[in-house]
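Please keep the viewer open as you read.

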Amino acid sequence: MTTPRPLGILCGFAVLAAATFSAPQAASAQPNIALDSAVFIERTTATRGRVLEPARQFSRGDRVVYVVSWYKLGGSGGFVVTNPLPRAVTYQGSAFDDEDVSIDGGRTWGKLAALRVGTRIATPEDVTHVRWRVAPALAARGSGQIAYSAIVR
């Protein structure tokens, strides 16, 4: 694992992923947060079943798993982690299903099933951003991880 770095510096992405996938951001006046991200590709093998491998190269149809580690460096209270999704991936879901998504570049937020694009219900292909609220009680632990998956288009 890499050393946590202050917010605003892209850190921890696999080679190529740094150019292809966006870095998460924490939005909050307090506390001071550092984020570290890793990108993996989920593979299925005959002997080991489903495994995660560090992302080195992406192909259409690959299931990509992001792991965002957060570290509270100081301050108090909760915070929000927001991750813009590149057009190259289709959002699949979060490990705990407690995220909000945006389908309009981060202007409005909600659960995917409650959002609409014109007259139709929004689909995972419409998601442009994902965010998680880290409650003060969880933030008090000092560190944690958020995991979510996407499919390469």
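Strands (E, at least two residues) are DSSP runs, numbered from the N terminus, and two strands pair if DSSP finds at least two bridges between them. With that in hand, the bridge partner of S102 in strand 11 is H129. This is a predicted model, where local features need pLDDT of at least 70 and side-chain atom pairs count only at pLDDT 80 or more, while totals for chains, interfaces and linings use all residues. Residues are numbered from 1 along each chain as its sequence is written, and side-chain values use heavy atoms, with hydrogens and water left out.

- S102 sits in strand 8, which covers residues 100-102.
- S102 counts as buried because its relative accessibility is 0%; buried means under 20% relative accessible area, exposed over 50%, and partly exposed in between (1.4 Å probe, protein chains only).
- The side chains of S102 and D104 make a polar contact at 2.8 Å. A polar contact is a pair of N or O atoms within 3.5 Å; within protein, one must be able to donate a hydrogen and the other to accept it, and residues adjacent in sequence count only if both atoms are side-chain atoms.
- Leaving aside neighbours within four places in sequence, S102 is in contact (heavy atoms within 4.5 Å) with R107, T108, W109, D126, V127, T128 and H129.

**Strand 11 and its partners**
- Strand 11 is mostly covered, with 5 of its 6 residues buried.
- Strand 8 pairs with strand 11 in the antiparallel sense over 3 bridges.
- Strand 6 (residues 79-84) also pairs with strand 11 in the antiparallel sense, over 6 bridges.
- Within strand 11, V130 is the bridge partner of N83.

**The largest pocket**
- A pocket is an open set of points on a 1 Å grid over the protein atoms alone, where a 1.4 Å probe fits, with protein on both sides within 12 Å along at least five of seven lines; lining residues have an atom within 4 Å of a point.
- The lining of the largest pocket has 14 residues, and F96, D98, L138, Q145 and I146 lie nearest its centre.
- Strand 11 (129-134) and strand 12 (143-152) each supply at least two residues of this lining, and the largest share, 4 residues, comes from strand 12.

**A loop residue**
- S59 lies in the loop between strand 4 (49-54) and strand 5 (63-74).
- S59 counts as partly exposed because its relative accessibility is 37%.
- The C-alpha atoms of S59 and V152 are separated by 6.7 Å, although the two are 93 residues apart along the chain.
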